[in-house]
Amino acid sequence: MNVLLDLIISTSTQGLIYALLSFGVYITYKILDFPDLTVDGSFPLGAAVTAVMMTNGSNPWLTLPVSMAAGALAGLTTGLIHVKLKVRDLLAGIITMTALFSINLQIAGSNLIINRDVDTIFTSAFVTSFLGSSSLIYRKLIVSLLIVIMVKVLLDLYFMTKSGLLLRAVGDNSVLVTSLAKDKGTVKIIGLVISNALVALSGSIVCHEQRAFSSTMGTGQVVFGLATVIIGTTIFQKFDSVHGTTAALIGSIIYKACMQLAISLGLPANLLKLITAVLFLAILVFGNYQKRHNATLKQKG
Amino acid sequence: MKKLLAVLIMATLAISTASCAGKDDVKSIGISQFGEHASLDNCREGFLQGLADAGLKEEEDFTISYQNAGFDTAIATQIAQNFSANNVDLMCAIATPSATAAFAAAEDKDIPVIFTAITDPVEAGLDSGNVTGTSDKLPVEAQLELIRSMQPDASTIGILYTTSEPNSVSAIAEYEAKAGDFGFSIEAIGVTAQSEVTLAADSLIAKNVDCFSNLTDNNVVGVLPSILEKTNAAGIPVYGSEVEQVKKGCVAAAGIDYFRLGQKTGLMAAKIITGEAEASEMKYETISEYSIYINSQALEEMSITLPDDLTGQAIESSEN
Amino acid sequence: MLELNSITKIYNPGTVTEMCLFQDFNLQINDGQFLSIVGSNGSGKTSLLNIICGSIPIENGDVIINGKNIARLKDYQRYSRIGRVYQNPAMGTCPHLTILENMSLADNKGRRFNLSSGINKNRKSYYQEQLATLGLGIENKMDIKVGLLSGGQRQALALIMTTLTPIEFLILDEHTAALDPNTAEIIMKLTDQVVKSKKLTAMMVTHNLRYAANYGNRLIMMNRGQIVLDRAENEKAQTSVDDLLTMFNAISIECGN
């Protein structure tokens, strides 16, 4: 039973940490309708900044806002390339992502490891002072949970502000934003900045958790983010009251749980991506079926 | 939604209870390999051989659970967490990303980790703690000596490497430090991704290097056939860094045998699971023995004749 | 007052398909005028709206609203003075936001979109009051998503949203064309009511000659980038649908349609 508990804890922790990335993708893909590939670069950017700061003896908590600022800058770059230089959304993201690959290596030098004698956010005095007695996996779960809940609440509150409302409007109907005498380009840039700050935060926490930065850790993160957002929003499409952030969070946990299930079942890793694809397709088809089913009910009613 | 969760939990439960079963004196070993790759596979097979050499029998003395991450660091993390949750008695990690993931997952539970196929354990932060293993540091001097005896007139050696790979960066440094002793200069070109390797090969050829020498750089080795296609056309011999590369068409290599590296790791692992030694007290070991591997067909194509003093010790390693 | 002075608009300049639509075009719309514009396809009606709003570039000329030249301003900057209702009902509202959120967005036009609460609860009853004038009952559905409304309801909502804050000029871009005849009638009546009650200066492009004849206090007919008919006040009031139809057919025959 302990085995199961441990697995649930460590898998949930992964799901939570990566949910921050899903929040970011939720903002660009679902709210802004902007397929942002910057993610593959801003995720390791957060980790690179964190690894460098940690190996230089910085306070572990300080790495979180600094990583977010770096991610925000990456989002700003994509936004400016798209809005000011009028490069297509997909290409703007690809350009920044490609540049970030080099920038990440410039920042970190090469792949970096944080030694065990260096304190991460999970082992810092602040956390051990009130969670000291519990084992590390519990601490990782609780700290990630607190961070994710805090970010989620802040995001949900932001979406209710005037600025947040305008952000939601720009993806929904950008013509209306222009009619409101607001520059839709600026609103998109704000969205990209917030999104990539969150993605970099996720990368930063992964670096804390793994004590490692690798230049290739960003590969495939966009796909992961899209998958989790689509899984989450498809499952919850019937429930208007469920926040998009909640859906993304659950999507991330389900994704990681499926991976862990595949590992536990002993499925060959070379097939994991295929399994992901099948899962993805199944959920989409299920979602479409539900939509049609609901539509039929409505017609009959 | 609830149903989905229920199914997930039930399935995980069924598996985890199944894997828990077993007697106490049978030690469980989780092998986490970063990906399917000839050298890494050799390591794993050698590891199992090493355990057998120590007189341990699978099922009676130990059980093996093998996972590979398909070269995905996030999956490597989850594999390590799976082993940790299942409280394996020992984690064997093959290649650096799997080793860092295993070490992170074992941080609290103090599960011993044994690694292999890591060039610089110090750089990878794996030199202290309940961890030990074997390092596959390249025999650079032997390689330079080999090239000198095969190509007495050569002056420049070209090397392709990945700039983000600490193993490769430290190997390049060693090449540059020692090349002078053998009258060579090094022309190294760094890449950041596998897709750049063949372009970099073109520019090395354009620089008129006398030969290529490979490291154990995954990006470069991964596209070795297309590099060889270009170098063969240009009549430039390529030296490998281990037997698998020679099998694929490199002329020769002074390389470590990954099977033997794994074997050594297996012997160390046997000491840990029998309680003979603690991983935290064992220093990691670097394999120093190397062998000379040759591919006579490739040598013939490059019209290189094998020096007499090598004919006795060289091991023929062509695939066909 | 809106003035268009010496407007030159050339489509595809410098290519074989180059087409000069407006050459030294002038138009003046006085405060309080409700102008209807009719004309066949390609006569330049919609281009005229797009020129005012900055949706398309012009080669030469000035667009002046109440003394301020806005011809060099970006489209979104011009909308601080202009309101526009589009032909497509989907353009004027956000389908995934609720009616209340849509109204709140519209209500904040001209102010900062900062981190204060997006919805001002105190204004809700005012929004409901405004929506109640439509007589469609949507004031009781403040929390449903606009995407669930019918095309006519969305267009009515868009009209209220566009005129919620003070604007200097209202543009109606064939705003009844996508609706069924009954709904179009309702929207047209509402438009007239809103323009009159808020004393707006407005400009309506329409293909419906009856609306052009029955509503507004000035009418122009356009053909190939030129104004071929301009009637205001009493002269306009005496123009019947049949008169318009005759003239419309005349220019159409001239064009060979």
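Chain B is divided into domain 1 (2-137 + 258-286) and domain 2 (140-255 + 290-316), with bounds that come from an automatic or database domain assignment. The model is a predicted one, in which local features need pLDDT of at least 70 and side-chain atom pairs count only at pLDDT 80 or more, while totals for chains, interfaces and linings use all residues. Residues are numbered from 1 along each chain as its sequence is written, and chains are lettered from A and ligands numbered from 1 in the order in which they are written. Taken over C-alpha atoms, the centres of domain 1 and domain 2 of chain B are separated by 32 Å. Seven residues from domain 1 of chain B and seven residues from domain 2 of chain B make up their contact (C-beta atoms, placed from the backbone, within 7 Å). On the side of domain 1 of chain B that touches domain 2 of chain B, two residues are nonpolar, two polar and three charged; here Ala, Val, Leu, Ile, Met, Phe, Trp, Tyr, Cys and Pro count as nonpolar, Asp, Glu, Lys and Arg as charged, and the others, Gly among them, as polar.

Turning to the sheet, six strands of chain B form an open arrangement in the order S2-S1-S3-S4-S5-S11, with parallel pairing. Strands are DSSP runs of E of at least two residues and helices runs of H or I of at least four, numbered from the N terminus; two strands pair if DSSP finds at least two bridges between them. Strands S2 (62-68) and S11 (285-286) of chain B stand at the edges with a single partner strand each, so one side of each lacks a neighbour in the sheet. Five bridges join S1 (residues 27-33) and S3 (residues 90-94) of chain B in the parallel sense, and Ile31(B) has Cys92(B) in S3(B) as its bridge partner. Helix H2 (residues 38-53) of chain B packs on the sheet, touching S1, S2, S3 and S4 (113-118) of chain B, and its direction makes about 135° with that of S4(B). Helix H3 (residues 73-85) of chain B lies across S1, S2 and S3 of chain B, at about 175° to S1(B). These angles run from 0 to 180 degrees between N-to-C directions, with axes fitted as lines to C-alpha atoms, for helices over the stretch in contact.

Between the chains, the contact takes 35 residues from chain A and 38 residues from chain B. The side of chain A that touches chain B has 18 nonpolar, 13 polar and four charged residues.

Definitions and conventions: Two residues are in contact if their C-beta atoms, placed from the backbone, lie within 7 Å.
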